[in-house]
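Please examine the sequence and the structure shown below. The paragraphs that follow begin with one chain and then turn to the place where two chains meet.

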Amino acid sequence: MGHVEILDAKTKDKLCFLDKVEPNATIGEIKSMFHKSHPQWYPARQSIRLDPKGKSLKDEDVLQYLPVGTTATFYFRDLGAQISWVTVFLTEYAGPLLIYLMFYFRVPFIYASKYDFTTSKHWVVHLACMCHSFHYVKRLLETLFVHRFSHGTMPLRNIFKNCTYYWGFAAWMAYYINHPLYTPPIYGEQQIRLALIVFLFCQIGNFSIHIALRNLRPPGSKTRKIPYPTKNPFTWIFLLVSCPNYTYELGSWLGFTLMTQCLPVAAFTLVGFIQMTVWAKGKHRSYLKEFRDYPTLRSPILPFIL
Amino acid sequence: MTNPRRQLCWRSVFVTFAVCTGTMASGEEDRTVEEKETNNKKRTKGAIATAWLTFYNIAMTAGWLVLAVVMVRYYLQKGTHKGLYKNIARTLKFSQTFALLEVGHCAIGIVRTSVIVTGVQVCSRIFMVWFITNSIRQIQNEESVILFVVVWTITEITRYSFYTFNLLNHLPYFIKWARYNMFIVMYPLGVIGELLTIHAALPYVRRSGMYSLRLPNKYNVSFDYYYFLIIVMLSYIPLFPQLYFHMLRQRRRVLHGEIVVEKDE
């Protein structure tokens, strides 16, 4: 039986003393106990660490395996208001879906009033609407049924930042694609057909990767394993790339850019590519750090290039 | 991707060999020589950086001084500010554009300031010079232009001479005083000058449709410089207080620190 004292990481004030804590108690359980004495700090916004400037301990860490004496001293930092990843994803994806449709149906006050509730005369505009909507419906369904999140929550301010990004770009793109003065692609049907093939190929690819990553992790667990190619040919790209979900995502948006020939779409693709490259490089680095036998042929996001 | 473990292996092989052959001593010497070489390289890099920065800051101080002299002479001779802009246009454009190098200084680390902060500051200046006063000829004789150019000149001469003297380790107190006090008045005046200038430019921008792209076009995008300028003016509202209070805080830190030292004496 041990004791646990929790100090504020900045002021070193004693915030909480828990006596008679089981040695096999997890950090998660200790967080729940701390929450009882300080109800404003729910477990998701607690960062518990051994050292005031050290890394956060994981919820699964067990007390007796930590380098502490009979009375364990932990330091607490408030992570600020938290919001669940699922909530953020659903909000940031539902926005573009609905916003694009508002422009597609030419809801009043967007374009000149003579165009209210009219439809575009270009069939590529209808195709683009279907592709864009399909993409975000797919993302919403994946959030609900496919993804297994490592973290439960993220800081609250992220939802404002993320929604501004997704919703803003969706409105900017949709405005021009559904505009009465929209110019269809220069190379006409050939360009649109190629773009559609690329788009669909990458959508299937992206979905295959999400399924493969989901199957790596048993339900409710947070284990991390090296992903490998499966029987699905769309996953064979794992041989060359650490984060093929981002590779396929880039491909989808390149397809959509080609299909709509719209500069704002190209800008969105570029910004997304930069962000995904940053994420892919981080993930690649943590794979290399965690697994000694990580395949050396793989690049973070673009085979052999990046 | 180099494997750090592989590198370690070679090192241990070398050390083992050195120990076995009794050459451990010279092995160790080699290592300290290596360290000395790296330190020397760092020192020369530091010296080159300091030399370049000193030259740069002297050059910029000179550039803005020239601008000040030209402006004063013109006003003394002509008694009016009309036609002044044409005289100073080239020097102004040259001096302000050269400041882009400062972003580079931050990026390679020889100046310890954020790249983004410097980038934003330099870009806003470049924007005023090239995309407002240079391209919209009708507003070049406005009083507001003279206002912000005078403010910029005073501010830049103070700033660059401050950096120069700092690098030479001989900072006269009045330069330090000027740098951390004049902005209190200069900064708001400069903002007023800039905003009035942009505002004066608006009707000419609207009429000429400059820098704007209309639909339909094959890129399926449009850009209206007129509304863009209005957004730029509105952005001063959140940005100006942030920068102003940041500078006030810096001032308090620098001058407050000084008071503490005097007490110890």
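Chain A contains seven helices and six strands, where helices (H or I, at least four residues) and strands (E, at least two) are DSSP runs numbered from the N terminus. Along the sequence, these elements of chain A follow the order β-β-α-β-β-β-α-α-β-α-α-α-α. The structure is a predicted model, in which local features need pLDDT of at least 70 and side-chain atom pairs count only at pLDDT 80 or more, while totals for chains, interfaces and linings use all residues. Residues are numbered from 1 along each chain as its sequence is written, chains are lettered from A in the order in which they are written, and side-chain values use heavy atoms, without hydrogens and water.

Along the principal axes, the C-alpha atoms of chain A fill a box of roughly 75 × 50 × 30 Å. Chain A has 306 residues, and 45% of them count as buried, that is, under 20% relative accessible area (1.4 Å probe, protein chains only).

The contact between the chains takes 14 residues from chain A and 10 residues from chain B, contact meaning heavy atoms within 4.5 Å. About 1,000 Å² is buried between chain B and chain A, and carbon and sulfur atoms give 60% of this area; buried area is the accessible area (1.4 Å probe) that two parts lose on being put together, summed over both. Of the area that chain B buries against chain A, 50% comes from B:L215, B:K218 and B:N220, more than from any other three residues.

How values were computed. Buried < 20%, exposed > 50% of the residue type's maximum accessible area, 1.4 Å probe, protein only.
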